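Me: I am new to reading protein models. Can you take me through one, feature by feature?

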Amino acid sequence: MHLRNSEPREWASFPKQADAQQLILQFDYRRKSTAGTLTLTQSDVKESWTVTLNSKRLGQLVRDENELQTDFLIPNGTLKQVNNTLSITCRNNSLADDIRVGHIHIHSADPSTIRSGATLQIEILNQDHIPIPGRITITNRQGTLLPIGTKSGNGLAIREGVVYTANGRADLAVAPGEYKITAGRGLEYSAPSRLLRISAGQTAKRTLILERQVATDNWIACDTHVHTVTYSGHGDCTIEERMATLAGEGIEFPIATDHNKQIDYRPAVEKVGVTNFFTPVIGNEVTTKHGHFNAFPALSDGRIPNHNELDWGKLFTDIYSTPNIRVAILNHARDLHSNFRPFSPRHHLSLTGDNLDDWQQNFNAMELINSGAVQTDPMELFTDWCGLINHGLHVTPVGCSDSHDVSRYIVGQGRTYIQADDHAPGAINTETALDSFLKGRVIVSYGLLVQLQAKSSTNLANSIGPGETLSLTASSDSTKPTMLEISAKVMAPHWSRPRKLQLFVNGMPKFTADLNPKTGPEQPFAASIAWKIPIEELPHDAWLTAVAIGDGIESPHWPTAKPYQPDSAVFESKTFSCTGPIWLDADGDGKYRSAREYAMELLSQTPIDTKTGKPDLKALANSLTTHDQAVVNQSFALLLKLGIEPSQFIAAGIGKRGRDFASQWRQATRARVEQQE
Ligand SMILES: [Zn+2]
Ligand SMILES: [Zn+2]
């Protein structure tokens, strides 16, 4: 049955009309009433739904969007011979939740009895046949996650159909039946699966070998945003379970970011025995009424930044003066918390990176992908970030998971690859890794990976990557103009499908390539693309980034989630990857200059109109003909500060190059008048 607690429809993928608002089922039970189990299948459960039998509350549906089967204990004496009433009802009707429930069964034994009739012994090995931490996903043929009798502990983190193992082994009690077992270990590994049937009393042993499919040598897999229920108080992943999930997803450099707490994972790392797999960093999600900021590295017994501070200037001063802290990430900038949205049009001009209240934007990194809180439009935060870079801010792009859970949102699904030595994941040099992170030597990854290199045809030896500056000098031989030579590579495991690769220059798309994966069923995907730009076509300094987009992942071993704050009922899941900026010095002054700096220079050189006392807009429009759209946009933002409206500059000659800025400014004006977050 399709249930909807309240209108309007949550997702367009559900029918317009639900079957009911709640489930009420009446039935007779012609058996002896003992302790029993109610088993059902559920999917897309976001809110809190209560399961009640004959006015006895059995529990809640699992708050998880994935399709799963779950058990409820029926206490002895609850069932009657006739007129039993089962109900499933949502008590919070302020937010619409479309869910599916069905396949309801009553068993005459309790859950631990019915889930212990058979044993599964699973081993996960790497290509050298050494056991490694991983995730085991246990479903039926259709992909529904199935209940497991064994509970978390001893290096295992267990939920319906999901087992993370810290040492590569798991002995699991299950009900007899048919199972599909899939092993996995995050982005870089294959996901082999087996179908098997076990009868009562039997033990089934299976070994699954993971193939490394995405090579990331010298790139550290980092998740900058990790929670535990132990210290954040919500979600379901305890600190011990977190150790198994991090190791099992191949995260080498997790940042502990519980809300306003600075937690040292090291004792738990040792207890669970995962010291060789990652180097934990103490951090803090500084959770204020004016935004959330992940700050690290911190000290567990050190001072904590004041989360009651509302003034960004004072807040960043406080964060950076907290012992050890070097990084402050702007988290989920498009999400609403405490009725505040950092990048609401009310506060922020996306196109130019301007804060409309003149708040100090001293964060030095920003989440582009938060896999626990994806955006309806996968490019929205990327576009915001381009505005900040064109504004002249040095902001490292970040992918992270914000996972509070074992299974609902996967830890490390969104992640940041940091260019640094990763040969010993348990002994990463934190300061060196963070130097690289702050320089922008990173790749944002969510289900695939893009790499970018650039070089000049006059200096072929000097190929550089993200976070570096390339100096371009014009060739003395006019028959052989200097070329900017760019190469990009997209990689993905066999279970992920890249579709499109784009190169952005100063935040604007320059080249697009369709990726047509022609690989065998278990083969990884890799494609390399090269582009050339004659440097005469670059009017001034600029920066490059590559973006790869692919299909959202449906495999139950690594499903990409829906937005939890959607902008629309229509949602198409996408994977995403982009690189840190490659800076280009094209004007030969030895350094990169931002679009903002060019706009400021042009404006300072513009004659003042003697009648108005303001810059001669016609002259400015004329000098902008040799500059790109990013510089035009920044000029509009600077003119606004002088009280000159976009319409005036458009009329004075910049014309349709002002269209995008004018429309954003209208949206901002409306949001400010209506006080709309
Ligand atoms: Zn947050
Ligand atoms: Zn968080």
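Here we go from the whole chain down to single residues.

Reply: Remember first that this is a predicted model.

Me: How many helices and strands does the chain have?

Reply: Start any reading with such a count. The chain has 12 helices and 38 strands.

Me: What radius of gyration does the chain have, and what would a compact globule have?

Reply: Compare the value with the rule for a globule. For 677 residues, a compact globule would be near 26 Å. The chain has 27 Å, which agrees. Along its principal axes, the C-alpha trace covers about 95 × 55 × 50 Å.

Me: Which share of the residues is buried?

Reply: Burial is judged by counting neighbours. A residue with 20 or more other C-beta atoms within 10 Å is buried. Here 48% of the 677 residues are buried.

Me: Now a pair of helices. At what angle do the axes of α8 and α10 cross?

Reply: Find the two helices, then compare their axes. Helix α8 covers residues 595-605 and helix α10 covers residues 629-641. Their axes come within 8 Å and cross at roughly 60 degrees. That makes α8 oblique to α10. The crossing is right-handed.

Me: Which residues meet there?

Reply: An α-helix has 3.6 residues a turn, so residues three or four places apart point the same way. Keep that in mind as you find the residues. From α8 come Ala595, Arg596, Tyr598, Ala599, Met600, Leu602 and Leu603. They meet Ala630, Val631, Gln634, Ser635 and Leu638 of α10. By class, this contact has 9 nonpolar, 2 polar and 1 charged residues.

Me: Is helix α6 buried or exposed?

Reply: Count residue by residue. In α6 (residues 380-390), 9 of the 11 residues are buried, so the helix is largely enclosed by the rest of the structure. Among them are Phe382, Trp385, Leu388 and Ile389. Asp384 and Asn390 are buried as well. After α6 comes Gly392, with a positive phi near 100 degrees.

Me: Which residues other than glycine have a positive phi?

Reply: Asn260 sits in the loop between β18 and α4. It is partly exposed, with 18 other C-beta atoms within 10 Å. Another is Asp402, with a phi of about 55 degrees. Asp402 belongs to the loop between β26 and β27. With 27 C-beta neighbours inside 10 Å, Asp402 counts as buried.

Me: Where are cis peptide bonds found?

Reply: A cis bond joins Glu7 and Pro8, with omega about -5 degrees. Pro8 is in the loop between β1 and β2. The bond from Phe296 to Pro297 is also cis, with omega near -10 degrees. Pro297 is in the loop between β21 and α5.

Me: Ala298 lies in the loop between β21 and α5. What is it in contact with?

Reply: Leave aside neighbours within four places in sequence. Ala298 then touches Gln262, Ile282, Gly283, Asn284, Thr322, Asn324 and Ile325. Ala298 is buried, with 29 other C-beta atoms within 10 Å. Ala298 and Asp311 are 13 residues apart in sequence, and 22 Å apart from C-alpha to C-alpha.

Terms used
Residues numbered from 1 in each chain as written. Chains lettered and ligands numbered in written order. Predicted model: local features only at pLDDT ≥ 70, side-chain atom pairs only at ≥ 80, totals over all residues. Helix = DSSP H or I, 4+ residues; strand = E, 2+ residues; numbered from the N terminus. Rg over C-alpha atoms; globule rule 2.2 N^0.38 Å. Buried ≥ 20, exposed ≤ 12 C-beta atoms within 10 Å, placed from the backbone. Axes fitted to C-alpha atoms, helices over the stretch in contact; angles between N-to-C directions. Parallel < 35°, antiparallel > 145°, perpendicular 65-115°, else oblique. Left-handed = near helix turned anticlockwise from the far one by under 90°. Contact = placed C-beta atoms within 7 Å. Nonpolar A, V, L, I, M, F, W, Y, C, P; charged D, E, K, R; others polar.
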